[in-house]
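Morning, everyone. I want to talk about helix packing today. Take a look at the model first.

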Amino acid sequence: MELVVLSSFLAATVRMAAPIALAALGETISEKAGVSNIGVEAIMLSGAYFSFWAMFQSGNVYVAVFAGILGGAGASLIHAFLSLRCKADQTIAGLALNFLLLGLTNTFPSFDTI
């Protein structure tokens with residue numbers, strides 16, 4: 001019994017760590033390019049929310065993937081606009097993006113009430 005619990009725990013650990021490891025890899029690449037993007041979690045949250053929203057509305061996986069890509073790209077564009085055009089500090093802009101998208105995805109309609 002203990003071996004089954006241990007193996008399921010290890011499998012869940014790998015499954016849950018994969019998206020975070022991919023985001024860390026992307027952050028490492030952006031750090032090499034000179035961009036300090038602390039808003040990686042916000043970009044992931046935006047992509048996940050809009051992907052789920054599109055899947056809920058359309059039922060089409062391809063539409064959901066495309067909406068997730070657009071959601072992540074939109075969050076990245078907000079960070080780029082704040083950092084490059086407005087000359088905001090990249091760390092502060094990323095932190096603000098985290099707070100903004102965390103609040104927006106909690107404020108947008110929830111799907112359990114529909």
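**Helix 2 and its two partners**

Helix 2 crosses helix 4 with left-handed geometry. Left-handed means the near helix is turned anticlockwise from the far one by less than a right angle; clockwise is right-handed. Helices here are DSSP runs of H or I, at least four residues, numbered from the N terminus.

This is a predicted model, where local features need pLDDT of at least 70 and side-chain atom pairs count only at pLDDT 80 or more, while totals for chains, interfaces and linings use all residues. Residues are numbered from 1 along each chain as its sequence is written, and side-chain values use heavy atoms, without hydrogens and water.

Now the numbers. Helix 2, residues 40-58, packs against helix 4, residues 90-107, at about 25°, axes 8 Å apart. So helix 2 is roughly parallel to helix 4 (angles under 35 degrees; over 145 is roughly antiparallel). Axes are lines fitted to C-alpha atoms over the stretch in contact, and angles run from 0 to 180 degrees between N-to-C directions.

Who touches whom? Helix 2 brings Glu-41, Ala-42, Leu-45, Ser-46 and Tyr-49; helix 4 brings Leu-97, Asn-98, Leu-101, Leu-102 and Thr-105. Contact is heavy atoms within 4.5 Å. That contact has six nonpolar residues, three polar and one charged.

Next partner. Helix 3, residues 61-85, packs with helix 2 at about 150°, axes 7 Å apart. Helix 2 is therefore roughly antiparallel to helix 3. Their crossing is right-handed. By class, the count is 11 nonpolar, eight polar and no charged residues. Gly counts as polar here; nonpolar is Ala, Val, Leu, Ile, Met, Phe, Trp, Tyr, Cys and Pro, and charged is Asp, Glu, Lys and Arg, with the others polar.

Methods
Helix = DSSP H or I, 4+ residues; strand = E, 2+ residues; numbered from the N terminus. Parallel < 35°, antiparallel > 145°, perpendicular 65-115°, else oblique.
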